[in-house]
Structures are given as structure tokens and as C-alpha cells.
Amino acid sequence: LHKILIMNNSHRYTTQPPSSRQQQDPEDADQVIVQTDFGRGLIVRTRKSDGIKEIRLGEVKNGSSPAFRRREPNMLYTPKDYPSVPPSIGDDVICEYGRGVLTEIADEKYTIELASWRLSGRSNVTCHVTTAPKVVRKHTLGEMDSAEKVALSKNQKAQAAKFFSEKDYSGALNTYASAVDKVRNVQHDHTSSNEVRADLVVIMITCSNNAATCCIKLAKWEEASKFAKNALIMLDALYGKRGMKIHTILNNEGIIDAKLFGEWRVKSYLVVARACMERGEVEDAIAILKKAKCLGMPYIDEFSSSGQCSRKEEKASLRTLTLQMKEIKRLITEYSEKRKAAKKIEKKKAKVMAKALFGGDDDKENATPGKENTDQTRD
């Protein structure tokens, strides 16, 4: 836009900033996306002194357009109350009850899952309004609280699973890794309930293990090992806090110990063992497989001996662990045979080297009788 100055009875429009001598107000906490006379815009702040709205102009989809990140954006300063852009499902919105995500529009009724306040535990607050809510810019990662970051990672995990099912392993790997990064350095505060912390632990473990599986599909063995070891760090830390709040929440929600410390740890160790084998570290690979077997077998023995494998979670873990133990047995046999073959090759190489240095049976056959008799006489 060029310099614009339109005056009428009630409104003033200009692309010129306020006087530099004026102290700048903080940006609005919820920046509304509005439809102005010059296109879509984002209300960056509303000045308290005169009610002027500072609107950053540019085509925008919920505040994520690069037009809003230009070094010198087009600004509109006006007291006019522009309407919000029409809301769509998935938009961040604000209504009379607070901020949330629009989940449904039906018969001019809007269903919003609120994020600005929550009940204890996992109870989400949903409201239904008939007045169209205002669309606001989505929070950046730095602006999100721990619950929002965990929710974002859950969505990315679901998207990664879809990529994996479509055999898009690169897409799945990038998305799983992104989900881990979103929650890696979460700073817990008053919004971090124990349930949020439990979800964070599950995301870190499962996404790391799944990323490792994607790396195997792509033959990225070093990366696979790193992801699997990250999962093991989380699992070992959780194992040391058994019986405490997060562990109890997971158990109560169906993530039993056989899954946590059996399935998931065995899965991680299988990846690490394969990576060792690719590096030619056969002894280490076999040792890791034996350790994984020692972690999984006690749960199988417990379910088999007690006869109390009645819960669906227990049955599912028993099936998975049984398959994992078969895989471990197969790999140990395969790696042992490779180790045996490698030792034979080494032994053969040693014989060839010894023959080259000291001679062998051919030299004895070519020895002269006179020399042999001389040696006997000397003896």
C-alpha cells in the first residue's frame, strides 16, 4: 500500500505509524484476524490511550502467512472495529467463555473445545455458542503452554502414523522427530497436570521408538540407534519411579508394566542390536539381544504361570512379547552363525599368515635327505 489517508465522519485510516515519542503498548494476548477494506489483517495491538488498532495487513491463514513476518509490513492504524474473518473448523477462536479450537459447525451453532481453562484430570471443557466466534492467530511454539505442546505432538504422532501406513517412511520419520522436538524441552508450570506429564512421557517414548523403526526402513542405522537409546533413557527413568503418580496414571489407563518395561524396552533394544550388527559389532549385538530377552521373558512367564491373563491389555502384551521373543531367538541364531563364520575366516587367515611367515608342510616335503640326516646326527 502507498501512503493512504482517508478521513470521514467517524473513522481515520493511515499506513503511517504513531509518533515515535508515544510509548508502545504490549501486543494483544489474542490477536484477532479481521477483514479490512484492504484485505485480511491481524490486530497486533489495541492502544489504550486512544483505542487505535494497529493492524498488520496481508493474506493470512490463521496468522501463519509469511506476509506477517516481513521486515517492513503494511500497517493500518484505525479506530474502526472490523469484523473477524469467518471461522472454519480447526481455527483457533475466542468466544464469551474463553479461547479454544472450533471443532464443529452445525445449524449456525459452533462447538468449541476450550483451551484457556481446563477441569482436573483429562476432562476437556466444550461449549456451544450461537454467535460466531472471532478467529485468532494460532500460538507459536514459544507461546504454547505444556498442555498445548503435548496436544500438538499428539496430532503430529497421528499424522506420522498415517505416513508410515502409506509407506512414506521419510515423511513419518520427520513427523515423529518433530513431535519429539515439540515436547523435548517443555517447562512445566501450573498448566502441567500429572496427566499432561504422563502424556508427554508416552509421546517421548513411542515417537522415539517409531522414529527408530522408520530409520531402519531407510537404513539409517546410526540415527535409529540414537532414537532407540533416547526411548530407553525415558523408560529407565520411569522404571526408577514405579509406584509414583505418573506411573500410576499410565497403569490405570491401560499402559501396564508389561507394555512399558517389556514391549517398549525390548523394541528399543532390538533396534540397538540391529544397529550394532550393521557396524560389525557382533558380540555387542548378541549381548544386547540376550538382555532384551531377560527383560521380556519374566512378563511372559508371569502371564503363563498365573493364568490370570484376562485383561485385554495383558493379552495384547503377551502376544507382542511372544513375537518379540521369537524375533530375538531368530536374531541370536543368525548372529551366532555369522560370528562362527567370521571366526572360521579369521582362523583361516591366521593359518595363511603363519604359513607365509614360517613355512608349512610343502617346505617339509621339499627338505633334502642329506640335511635331515645331518640334523639327526647333530641331535
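The questions below go through helices, strands, salt bridges and a surface patch.

Visitor: What kind of model is this?
Guide: This is a predicted model.

Visitor: How do you know that helix 2 is largely enclosed by the rest of the structure?
Guide: Buried means under 20% relative accessible area. Twelve of the 16 residues of helix 2 are buried, so the helix is largely enclosed. Among them are Y169, L173, Y176 and V180. The buried residues pack against helix 1 (146–165), helix 3 (194–217) and helix 4 (221–239).

Visitor: How do you know what span helix 2 should have, and what does its end-to-end distance show?
Guide: The expected span is 1.5 Å times one less than the number of residues. For the 16 residues of helix 2 (169–184) that gives 22 Å, and the end C-alpha atoms are 22 Å apart, so the two agree.

Visitor: What do the span and the burial of helix 3 show?
Guide: The 24 residues of helix 3 should span 34 Å, and the end C-alpha atoms are 35 Å apart, which agrees. Of these 24 residues, 19 are buried, so helix 3 is largely enclosed by the rest of the structure. A219, with a positive phi near 60°, follows helix 3.

Visitor: Why is S225 called buried?
Guide: The cut-off for buried is under 20% relative accessible area. S225 has 4%, so S225 is buried. S225 lies in helix 4 and touches V271, V272 and A275, leaving aside residues up to four places away in sequence.

Visitor: Why does H247 count as buried?
Guide: H247 has 6% relative accessibility, so H247 counts as buried under the 20% cut-off. H247 is in helix 5 (residues 245–252). Not counting residues up to four places away in sequence, H247 touches L238, K241, R242, D257, L260 and F261.

Visitor: What makes R330 and E334 a salt bridge?
Guide: The cut-off is a side-chain nitrogen of Lys or Arg within 4 Å of a carboxyl oxygen of Asp or Glu. The closest N and O atoms of R330 and E334 are 3.0 Å apart, and the pair forms a salt bridge. The two are four residues apart in helix 8 (residues 312–358), so about one helical turn separates them. R330, at 42%, is partly exposed, and E334 counts as partly exposed at 26%. Both belong to a network of salt bridges that also links R274, E327 and K338.

Visitor: Which other pairs form salt bridges?
Guide: The whole structure has 21 salt bridges. One of them joins R47 and E54, with the closest N and O atoms 3.8 Å apart; R47 and E54 are buried. Another joins E313 and R311, at 3.5 Å. E313 is partly exposed at 22%, and R311 is partly exposed at 37%.

Visitor: What makes strand 10 and strand 11 edge strands?
Guide: Five strands form an open antiparallel sheet in the order 10-9-8-7-11. Strand 10 (125–129) and strand 11 (134–135) each pair on one side only. Within the sheet, strand 7 and strand 8 pair over four bridges, and V93 stands opposite G100 in strand 8.

Visitor: Why can Y97 belong to a surface patch?
Guide: A patch residue needs over 30% relative accessible area. Y97 has 43%, so Y97 passes that cut-off. Y97, W117 and L119 make a nonpolar surface patch of about 330 Å². Y97 lies in the loop between strand 7 (92–95) and strand 8 (98–106).

Definitions and conventions
Residues numbered from 1 in each chain as written. Predicted model: local features only at pLDDT ≥ 70, side-chain atom pairs only at ≥ 80, totals over all residues. Heavy atoms only, no water. Patch = residues over 30% accessible without salt bridge, like charges linked within 9 Å, V, L, I, M, F, W, Y side chains within 5 Å. Areas by Shrake-Rupley, 256 points an atom, 1.4 Å probe, with all protein chains shown as cover. Buried < 20%, exposed > 50% of the residue type's maximum accessible area, 1.4 Å probe, protein only. Contact = heavy atoms within 4.5 Å. Pairing = 2+ DSSP bridges.
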